[in-house]
Amino acid sequence: MLEQPVRAHLDPDGHQAVDLVIDRGYHPDAIIARAGLPLRLVFRRDDDDTCSERVVFSSPHIDRRLAATGSTTVELPAQPPGEVRFTCGMGRYRGRIVLVADRAPSILARLRTWASRRSAQPL
Ligand SMILES: [Cu+2]
């Protein structure tokens, strides 16, 4: 089942994170996150299916066992824009992360704009 993509939330410390529940699939199964920033995925298992025992990421290749109770955190290192897929051990549960470039102007670009505005002002 296709779900609405969920956007990762950005913590003040610069981490982005998403909480996922595993119950006959990943919820959410589509995540939008910023490229170039690490992404913290917190998985919680709500079913006993063998499919929820491990999660495998396409690129970078991460293969992680998920705790039967409580939550398991998987840290995805900063990635370039693109798509990262994740599945259960046999590929039945599927999810994807779309990594998008941050379009907000950089601090340097903002400073340049500010400086050019100041110099344009009459004294
Ligand atoms: Cu499976």
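Figure 1. V42 sits in strand β6; helices (H or I, at least four residues) and strands (E, at least two) are DSSP runs, numbered from the N terminus. What you are looking at is a predicted model, where local features need pLDDT of at least 70, side-chain atom pairs count only at pLDDT 80 or more, and totals for chains, interfaces and linings use all residues. Residues are numbered from 1 along each chain as its sequence is written. Leaving out residues up to four places away in sequence, V42 touches A17, D19, L20, S71 and T73. Touching, or being in contact, is when the C-beta atoms of two residues, placed from the backbone, lie within 7 Å.

Figure 2. Two strands pair if DSSP finds at least two bridges between them. β3 and β6 run parallel and are joined by seven bridges. Look for A17, whose bridge partner in β6 is R40, and for V18, which stands opposite L41 in β6. With strand β9 (residues 71-76), β6 pairs in the antiparallel sense over six bridges. Here F43 has T72 of β9 as its bridge partner. While you trace these strands, keep a general rule in mind: in a regular strand the side chains alternate between the two faces of the sheet.

**Figure 3. Residues in the largest nonpolar core.** A nonpolar core is a set of buried Ala, Val, Leu, Ile, Met, Phe, Trp, Tyr and Cys residues joined through C-beta atoms within 7 Å. Which of the 16 residues in the largest core touch the most other members? They are L20, A33, L39, L41 and F43. Two or more residues each come from β3 (16-22), β5 (30-34), β6 (39-45) and β11 (94-100). The largest share, three residues, is from β6. Zoom in on A33 and you'll find that it touches A8, Q16, L39, I97 and L99, if you skip residues up to four places away in sequence. In soluble globular proteins, nonpolar side chains tend to be buried together.

**Figure 4. Two hairpins that share β3.** Strand β2 (residues 9-10) pairs with β3 in the antiparallel sense over two bridges, and L10 stands opposite Q16 in β3. This pair forms a hairpin with five residues between the strands, and G14 in the turn has a positive phi of about 90 degrees. β3 also pairs with strand β4 (residues 26-27), again antiparallel and over two bridges. I22 has Y26 of β4 as its bridge partner. In the hairpin of β3 and β4, three residues lie between the strands. One of the things to spot in the loop between β3 and β4 is R24, which has a positive phi of about 55 degrees although it is not a glycine. R24 counts as partly exposed, because 13 other C-beta atoms lie within 10 Å.

**Figure 5. Two cis peptide bonds.** Most residues other than glycine have a negative phi, and most peptide bonds are trans. The bond from H27 to P28 is cis, with omega near 0 degrees, and P28 lies in the loop between β4 and β5. The bond from S59 to P60 is cis as well, with omega near 0 degrees. You'll find P60 in the loop between β7 and β8.

**Figure 6. An open sheet of six strands.** Follow the order β1-β5-β11-β10-β7-β8, with mixed pairing. At the edges are β1 (6-7) and β8 (62-65), each of which pairs on one side only. Strand β7 (residues 54-57) runs antiparallel to β8, with four bridges joining them, and F57 stands opposite I62 in β8. Zooming back out, the protein has one helix and 11 strands. Of its 123 residues, 15% count as buried.

Technical notes: Buried ≥ 20, exposed ≤ 12 C-beta atoms within 10 Å, placed from the backbone.
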